[in-house]
Amino acid sequence: MTELLALDDRARLDLPAQLLIEPGEDIRADIGPGRHPVIGVNFPKFRDGRGYSTARILREQGYGGDIRAIGDVTIDQMLCLNRTGFSSVAPARPIPRNAVETVLSRYPAIYQRGASNRLPLWALRHGGGEAAIPPSARRYGPADADALTRRFDGRAEAALAAVLTDPAFGKVALVSSFGAESAVLLHQAAQIRRDIPVLVVDTGWLFAETRAHAHDLIARLGLVNVRWLKPDPALLAEKDPKGLRWSYDPDGCCHIRKVLPLEKGLAGYDLWISGRKRHQSSTRAAMALFEAADGRLKLNPLAGWTASMVHDYARRHDLPPHPLVAQGYPSIGCSPCTSRVLPGEDPRAGRWRGWEKSECGIHTAQPDDGRNDPVF
């Protein structure tokens, strides 16, 4: 077997395929999100095209890991492999790495949706007008936040559609906690682009109910590009070896387990989408539709939504509730720092109860990275 080749950024070339699917195998059963970070699909002969359908079915089932084409694959198949959902290749015969890059960049436009991250031309031109301008002609940046907020005043859904389809916004990701109200924004985005990168920070302290809710939503909405971000193991070993930092330094714990992993995950993105809402707390009451943060744009399409609006939308679209909401958790974060909220309290009153803290640091500046703090 020759060296592994990457077709897109979901490739995990450092890991072997943990599951190998043969041509014609029925893989419509639940494969378990996250159970197999790399799935191999065997191509015994290059003219056997059943593997393309296998990859597409896996993506439609919500699998977001690395799908690897293994066996008799050739350079002429690279574009089709990429379009049907493959993210890496282990060819039986050598293929030059630069040849793969050349093939994948040969056609600047595509005309039908596939399982890859590329948008078809009609989606890039969604809405016509300014959205049809090539990306080289204009690019929005942090300085445009106020103007964009005015432009889309009262049209938050149009703002979301524009951000997800107009190349002028650059590379875009949606950040989700899969918390109490996350289903609404994920559903809205999935109606436009199921391949939108969804970044989830897995702090190591997520409720089991949150993980189950995430896997349920991923499958229901057909999300095909969910990326789980985890804290640096070496930094955890250095600064939180006993896993107790949350109990004496919640700011430092959040920074190590949430802020730093997200900063790394957002590298290279021009804009990210947040599900925050003004009604959630006093610290969010003045939040704008578009914001400038850390050198990039941030879109808050649900900023003006009330709790009843969120509830009504979820009911209309039959979206599953987070299982902890019914138990008195209207805002859900990490298990050690989230408690039930009493009637009449702020929805985020159960977050870091007893501490003068209302945000994890992802949406606020935190200059201290925790590296110089003592470990107890």
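A: A residue counts as buried under 20% relative accessible area, as exposed over 50%, and as partly exposed in between. This is a predicted model.

Q: Where does that put Trp 228, then: buried, partly exposed or exposed?

A: Trp 228 has 30% relative accessibility, so it counts as partly exposed.

Q: And Phe 178, buried or exposed?

A: Phe 178 is buried, with a relative accessible area of 1%.

Q: How many aromatic pairs are there in total?

A: The structure has eight aromatic pairs. In one of them, the ring centres of Phe 43 and Tyr 52 are 5.7 Å apart and the planes stand at 65 degrees, so this pair is edge-to-face. Phe 43 counts as buried because its relative accessibility is 1%. Tyr 52, at 17%, counts as buried too.

Q: What is the geometry between Phe 178 and Trp 228?

A: Phe 178 and Trp 228 form a stacked pair, with 6.4 Å from centre to centre and 10 degrees between the planes. The pair links distant parts of the chain: Phe 178 lies in the loop between β6 (172-175) and α7 (182-192), while Trp 228 is in strand β8 (residues 226-229), 50 residues apart.

Q: Which residues form an aromatic cluster?

A: One aromatic cluster is formed by Tyr 140, Phe 152, Phe 169 and Phe 290.

Q: Which ring does the charged end of Lys 171 sit over?

A: The charged end of Lys 171 is over the ring of Tyr 269, at 4.7 Å from the ring centre.

Q: Changing topic to the overall fold: how many helices and strands are there?

A: The protein chain has 12 helices and 11 strands. Of its 376 residues, 51% are buried. Taking contacts between residues at least 6 apart in sequence, 69% join residues at least 24 apart.

Q: What is the strand order in the sheet of six?

A: That sheet is open, with the order β8-β7-β6-β9-β11-β10 and mixed pairing. Its edge strands are β8 and β10 (290-293), each of which pairs on one side only. Ignoring direction, neighbouring strands are turned by 30 degrees against each other on average.

Q: How do β7 and β8 run, parallel or antiparallel?

A: β7 and β8 run parallel and are joined by four bridges. Val 201 stands opposite Leu 229 in β8. The C-alpha atoms of Leu 229 and Val 201 are separated by 4.7 Å, although the two residues are 28 apart along the chain.

Q: What does Leu 229 touch?

A: Not counting residues up to four places away in sequence, Leu 229 touches Leu 199, Val 200, Val 201, Asp 202, Pro 261, Leu 262 and Gly 265. At 13% relative accessibility, Leu 229 counts as buried.

Q: Back to α7: how many of its residues are buried?

A: α7 is mostly covered, with 10 of its 11 residues buried. Among the buried ones are Val 184, Leu 185, Leu 186 and Ile 192. The buried residues of α7 pack against α6 (156-165), β6, β7 (198-201), α8 (208-221), β9 (271-273) and α12 (307-316).

Q: Which residues touch the most other members of the largest nonpolar core?

A: In this core of 43 residues, Phe 169, Leu 271, Ile 273, Phe 290 and Leu 299 touch the most other members. α7 gives the most to the core, with seven residues.

Q: What does Ile 273 touch?

A: The contacts of Ile 273 include Leu 160, Val 163, Leu 164, Val 172, Leu 185 and Leu 299, not counting residues up to four places away in sequence. A second, separate core has 23 residues, among them Ile 21, Val 41, Ala 55 and Ile 57.

Q: And the sheet of five strands, what is its order?

A: It is an open sheet with the order β1-β5-β4-β3-β2 and mixed pairing. β1 (5-6) and β2 (19-21) are at the edges with a single partner strand each, so one side of each is left without a neighbour in the sheet. β1 runs antiparallel to strand β5 (residues 88-91), joined by two bridges, and Leu 5 has Val 89 in β5 as its bridge partner.

Q: Which strands does helix α1 lie across?

A: Helix α1 (residues 50-60) lies across β2, β3 (38-43) and β4 (66-71), and runs at about 160 degrees to β3.

Note on methods. Residues numbered from 1 in each chain as written. Predicted model: local features only at pLDDT ≥ 70, side-chain atom pairs only at ≥ 80, totals over all residues. Heavy atoms only, no water. Phe/Tyr/Trp six-rings, centres within 6.5 Å; stacked < 30°, edge-to-face > 60°. Buried < 20%, exposed > 50% of the residue type's maximum accessible area, 1.4 Å probe, protein only. Lys NZ or Arg CZ within 6 Å of the ring centre and 35° of its normal. Contact = heavy atoms within 4.5 Å. Pairing = 2+ DSSP bridges. Axes fitted to C-alpha atoms, helices over the stretch in contact; angles between N-to-C directions. Core = buried A, V, L, I, M, F, W, Y, C linked by side-chain atoms within 4.5 Å.
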